[in-house]
Amino acid sequence: MRAARLIRMALLIQSSPGLTAAALARELDVSERTVIRDAQALQEAGVPVRSERGRTGGYHLAPGYRTRLTTLHPTEAETLFLSGLPTALRDLGLSDAADTARLKLTATLLPSVRAAAEASVRRFHLDAPAWFREPVTPELLPELARAVWSDRAVELTYARPGRDGSPPSAVSRVVEPYGLVLKAGTWYVVARLRGGDGPGGGWRTYRVDRVKALSPAPGGRETFVRDADFDLAAHWEARSYDFARSLLRSTVTVRLTAWGLGRLPDVVDGAAVGDALASASAPDAAGLVTLDLPAESEDVAYDQLARLGADAEVLAPASLRARFRERAAALAALYGPGAEGR
């Protein structure tokens with residue numbers, strides 16, 4: 001609705017003076033022409049919006065003017081009280097501050113709006129971690145979060161996963177941490193290599209639980225100037241699939257029954273499924289399909305394919321096949337004839 005858009009536009013200009021027509025158009029998901037028309041409509045409604053040219057130009061409100069559009073609707077209060085993730089705030093060391101902020105906000109709300117906010121908390125709970133895993137807070141997450149908040153470059157030591165079963169290797173990088181992302185219970189930091197060179201503009205994504213050491217950037221140049229056009233959500237959406245694929249450093253050749261092939265998307269990483277299915281052979285005389293499965297490591301592939309039981313046969317690498325052979329022998333000894341009652 002246009003009325004809601006006009007209110008949002010006025011609040012955007014009040015909270016972020018100097019927004020250009022292009023920036024407002026992106027925020028409001030309209031054209032720049034619509035922004036210009038809406039600014040005129042606000043002026044006609046008595047809101048002193050003005051447009052200024054030049055380097056410090058953009059849209060402003062008249063000095064000293066504040067809109068009276070900040071009263072929360074009950075639905076808005078419900079949404080606001082649902083916007084925090086308790087586990088994420090705890091991991092970042094912000095749970096006490098968040099509790100205090102909610103108390104302050106609650107005290108300022110009208111009784112009807114306060115009731116709506118409290119009702120939403122009783123009815124909905126947001127739980128970010130995935131099932132069947134105990135969430136562990138990375139030890140260096142709070143310190144890394146402080147670097148993100150203060151735009152401080154850091155030198156981090158990262159345990160980079162090895163390829164084809166080789167052990168992880170420690171690498172050090174000087175990075176400008178732009179943001180933190182919580183994905184299915186796992187924290188990631190999106191950072192730019194100091195200097196911004198390299199493929200993809202120097203952007204990197206690191207799992208925070210693999211960051212083993214963190215220190216101020218060397219050379220006394222800790223603070224960096226953040227790129228004002230950087231959008232963390234948009235960057236994550238654009239790069240997350242490529243990042244997930246970059247973790248797939250091993251390849252396993254596996255033969256599957258029809259049932260195992262159907263179950264494959266349920267037990268392996270989503271980023272690996274497409275490549276695996278694209279490599280699948282035609283079914284042989286026994287109905288078995290052979291394919292190359294990308295995996296993060298042999299350990300991960302072992303855990304994933306073990307869920308398919310006898311409907312998956314590992315053909316390569318030999319080391320992984322040997323692990324399944326040992327497991328099969330151990331199971332046969334445990335459950336084979338004559339093993340009852342041991």
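The legends below describe close-up views of a predicted model. Residues are numbered from 1 along each chain as its sequence is written, and side-chain values use heavy atoms, with hydrogens and water left out. Because the model is predicted, local features need pLDDT of at least 70 and side-chain atom pairs count only at pLDDT 80 or more, whereas totals for chains, interfaces and linings use all residues.

**View 1. An open sheet of five strands, in the order β6-β5-β4-β3-β7**. The pairing in this sheet is antiparallel, where two strands pair if DSSP finds at least two bridges between them, and where strands (E, at least two residues) and helices (H or I, at least four residues) are DSSP runs numbered from the N terminus. Strands β6 (203-207) and β7 (211-216) form the edges, each pairing on one side only. Neighbouring strands are turned against each other by 45 degrees on average, direction ignored; axes are lines fitted to C-alpha atoms, for helices over the stretch in contact, and angles run from 0 to 180 degrees between N-to-C directions.

**View 2. The pairing of β4 with β5, and helix α8 lying across the sheet strands**. Eight bridges join β4 (residues 169-183) to β5 (residues 186-193) in the antiparallel sense, and Glu176 has Arg192 in β5 as its bridge partner. Helix α8 (residues 141-149) lies across β3 (154-160), β4, β5 and β7, and runs at about 75 degrees to β4; contact here means heavy atoms within 4.5 Å.

**View 3. Salt bridges of Arg226 with Asp151 and of Arg207 with Asp209**. A salt bridge is a side-chain nitrogen of Lys or Arg within 4 Å of a carboxyl oxygen of Asp or Glu, and the whole structure holds 11 of them. Arg226 and Asp151 meet at 3.2 Å, N to O, and this pair links distant parts of the chain, with Arg226 in the loop between β7 and α9 (232-246) and Asp151, 75 residues apart from it, in the loop between α8 and β3. For Arg207 and Asp209 the N to O distance is 2.7 Å; Arg207 is buried, at 16% relative accessible area, while Asp209 is partly exposed, at 34% (buried is under 20%, exposed over 50%, partly exposed in between, with a 1.4 Å probe and protein chains only).

**View 4. A salt bridge between Arg263 and Asp266**. The closest N and O atoms are 3.5 Å apart, and the two residues are separated by about one helical turn because they lie three residues apart in helix α10 (residues 258-267). Arg263 is partly exposed, with a relative accessible area of 27%, whereas Asp266 is exposed, with 54%. Elsewhere, salt bridges that share partners join Arg255, Glu313 and Arg321 into one network.
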